[in-house]
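Hi,

Here's the structure I promised to pass on. Have a look at it first, then read my notes below.

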There are 2 protein chains.
Amino acid sequence: MRLSSFSDYSLRVLAYLGVNADRLVTIAEVAQAYAISENHLMKVVHHLGRAGYLETVRGKGGGIRLAKAPEDIVIGEVVRQTESDLALVECFGNECCRIASVCRLKSILQESLEAMFLVLDGYTLADVLDTPLDRLIRTIP
Amino acid sequence: MRLSSFSDYSLRVLAYLGVNADRLVTIAEVAQAYAISENHLMKVVHHLGRAGYLETVRGKGGGIRLAKAPEDIVIGEVVRQTESDLALVECFGNECCRIASVCRLKSILQESLEAMFLVLDGYTLADVLDTPLDRLIRTIP
């Protein structure tokens, strides 16, 4: 069980911008930092921009930065927006299963998913970056 | 976010055997009931057999059946055994991330996964099949 790479990268882009909140960051830099494709990252950044999590400053010396305070970026909300498919098993979307009428699997898995999001809704990007200041300073590139 | 099809099919095979606990079931029958590949299902059945969840009766008129009472098959345990990859994001297995030292994403996602399994550990196959008897009888093929 994994989150989609789209969610994975979205969370990591936000974390990177949070760590480097004092300056503009380029997509090329994030791609290099995480060793992931710049092309894929552009789609992620575009989506995060449309969702209001980050903003782009165009032109020379431009880049991206968070558009909200880390305290206002709820991790559960980000994952809900970036996961296109929250059907844990195939039969979530299938009403034709032969044993559907006697099977509570769907509702049990749904309950487990809700428990997961209850945890994620309890954290913001600020919690993701909640680190002693000296370690934070050492890590900023 | 989805469970692997291996977990998906494993849960559904167990549910099918639970619904049809009064007789032996063939792999061909399960494959047909769920419209999934018989080949893929054979691997799933083999794995569930090795894990002690089902047993095979060989020969003419043979088939598979549960090897345990549904009350003794814990859903969380099945999923833990069938999911090969419980790393929600790529960086679960990567110690080289540039912001790893300031990023609590991994531990937050891990906590959400544990919340999910806490729910799944609270249910057995008997709960999955917990249905009024008249509906159960109507559904058995």
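What pattern does chain A follow, read along the sequence? The answer is α-α-α-β-β-α-α-α-α, with seven helices and two strands in the chain. Helices here are DSSP runs of H or I with at least four residues, strands are runs of E with at least two, and both are numbered from the N terminus.

Some housekeeping: this is a predicted model, so local features need pLDDT of at least 70 and side-chain atom pairs count only at pLDDT 80 or more, while totals for chains, interfaces and linings use all residues. Residues are numbered from 1 along each chain as its sequence is written, and chains are lettered from A and ligands numbered from 1 in the order in which they are written.

Of the 141 residues in chain A, 31% are buried (20 or more other C-beta atoms within 10 Å of the residue's own; exposed is 12 or fewer, partly exposed is in between, with C-beta atoms placed from the backbone).

Now over to chain B and its helix H3, residues 38–50. After H3(B) comes B:Gly52, with a positive phi near 85°.

Cheers

Terms used:
Expected span 1.5 Å × (residues − 1).
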